[in-house]
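I opened a notebook for a structure I had not seen before. These entries record what I looked up, one topic at a time.

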Amino acid sequence: INAEYMGGCGICFGKITHHGNFLLSITSLDFVAQYALYKVWVKPNQEQSFLYGNHITRAGLGRITQGCPKYQGAVVYNMADVPIGFGVTAHSTSECHRLEPSALVMFHEADVAEYLRNEEHVV
């Protein structure tokens, strides 16, 4: 579809990059969280670190959905079941149980604090 024929209204789910890839935006979090197959819960001590844009380590992992494969997109929740962002898992669920506490479990993609950090680029 040509750019001149495209229009929009409502909520921005993401953007199409110059290479034609779709980049999911944090504004779609409420909708994505409802239908997410894979979920990750973070402990309260790791929650603020994730909201500052850092990855999740094994020490900050509260729970993870069973059967989550490696490099799979997942929604990140705090322990009160409030969605706070999304990312990509660095290891599968079975591998996460055997990792050392400092190992990365989830790569940060987007979080709700982006509204404050990148206010002019989010919308």
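Is phenylalanine 31 buried, partly exposed or exposed? I looked up its relative accessibility and found 35%, so phenylalanine 31 counts as partly exposed. I note here that the model is a predicted one.

**Entry: phenylalanine 31 and its patch**

I placed phenylalanine 31 in helix α1, which covers residues 29–35. Then I looked for a surface patch around it. Phe31 belongs to a nonpolar patch on the surface, together with Ile11, Phe13, Ile16, Phe22 and Leu24. The accessible area of these residues together is about 560 Å².

**Entry: the whole chain**

I stepped back to the chain. I counted five helices and eight strands. Read from the N terminus, the order of elements is β-β-α-β-α-β-β-β-β-α-β-α-α. The chain has 123 residues, and 35% of them are buried. It exposes about 7,900 Å², and carbon and sulfur atoms supply 56% of that area. I also checked how contacts span the sequence. Of the contacts between residues at least 6 apart in sequence, 54% join residues at least 24 apart.

**Entry: aspartate 111**

Next I turned to aspartate 111. I found it in strand β8, which runs over residues 104–111. Is aspartate 111 buried or exposed? Its relative accessible area is 0%, so aspartate 111 is buried.

What does its side chain reach? I found a polar contact of 2.4 Å between the side chains of aspartate 111 and histidine 108. The aspartate 111 side chain also reaches the backbone nitrogen of alanine 113, at 2.8 Å.

I then set aside neighbours within four places in sequence. Aspartate 111 is still in contact with Ile26, Phe50, Leu51, Gly53, Ile84, Gly85 and Arg117.

**Entry: isoleucine 26**

One of those contacts of aspartate 111 is Ile26, and I followed it up. Isoleucine 26 lies in the loop between β2 (22–24) and α1. Its relative accessibility is 3%, so isoleucine 26 counts as buried. I also looked up a distance to tyrosine 115. The two residues are 89 residues apart along the chain, yet 8.4 Å separates the C-alpha atoms of isoleucine 26 and tyrosine 115.

**Entry: aromatic rings**

How many aromatic pairs does a search of the whole structure find? I got one aromatic pair. Its partners are tryptophan 41 and tyrosine 77, with ring centres 5.7 Å apart and planes at 25°, so the pair is stacked. The pair links distant parts of the chain. Tryptophan 41 sits in strand β3 (residues 39–42) and tyrosine 77 in strand β6 (residues 73–78), 36 residues apart.

I checked burial for both partners. Tryptophan 41 has a relative accessible area of 12%, so it is buried. Tyrosine 77 is at 7% relative accessibility, so tyrosine 77 counts as buried too.

**Entry: leucine 37**

I looked at leucine 37, in the loop between α1 and β3. Its relative accessible area is 67%, so leucine 37 is exposed. I looked up its distance to glycine 73, which is 36 residues away along the chain. Their C-alpha atoms are separated by 9.1 Å.

**Entry: the salt bridge**

Side chains of opposite charge can pair when their charged atoms come close. I searched for such pairs and counted one salt bridge. Arginine 63 forms it with aspartate 81, and the closest N and O atoms are 3.7 Å apart. This pair also links distant parts of the chain, 18 residues apart. Arginine 63 is in strand β5 (residues 61–64), while aspartate 81 is in the loop between β6 and β7 (83–89).

Arginine 63 has 40% relative accessibility, so it counts as partly exposed. Aspartate 81 has a relative accessible area of 47%, so aspartate 81 is partly exposed.

**Entry: positive phi**

Most residues other than glycine have a negative phi. I looked for residues that depart from this. Aspartate 81 has a positive phi of about 60°, although it is not a glycine. Tyrosine 71 also has a positive phi, near 60°. I found tyrosine 71 in the loop between β5 and β6. Its relative accessible area is 55%, so tyrosine 71 is exposed.

Note on methods:
Residues are numbered from 1 along each chain as its sequence is written. This is a predicted model: local features need pLDDT of at least 70, side-chain atom pairs count only at pLDDT 80 or more; totals for chains, interfaces and linings use all residues. Side-chain values use heavy atoms; hydrogens and water are left out. Helices (H or I, at least four residues) and strands (E, at least two) are DSSP runs, numbered from the N terminus. Buried means under 20% relative accessible area, exposed over 50%, partly exposed in between (1.4 Å probe, protein chains only). A polar contact is a pair of N or O atoms within 3.5 Å; within protein, one must be able to donate a hydrogen and the other to accept it, and residues adjacent in sequence count only if both atoms are side-chain atoms. Contact means heavy atoms within 4.5 Å. Patches are made of residues with over 30% relative accessible area and no salt bridge: like charges are joined within 9 Å, nonpolar side chains (Val, Leu, Ile, Met, Phe, Trp, Tyr) within 5 Å. Accessible areas come from the Shrake-Rupley method with a 1.4 Å probe; for residues, only the protein chains shown count as cover. A salt bridge is a side-chain nitrogen of Lys or Arg within 4 Å of a carboxyl oxygen of Asp or Glu. Rings of Phe, Tyr and Trp (its six-membered ring) pair if their centres lie within 6.5 Å; planes under 30 degrees apart count as stacked, over 60 as edge-to-face and the rest as tilted.
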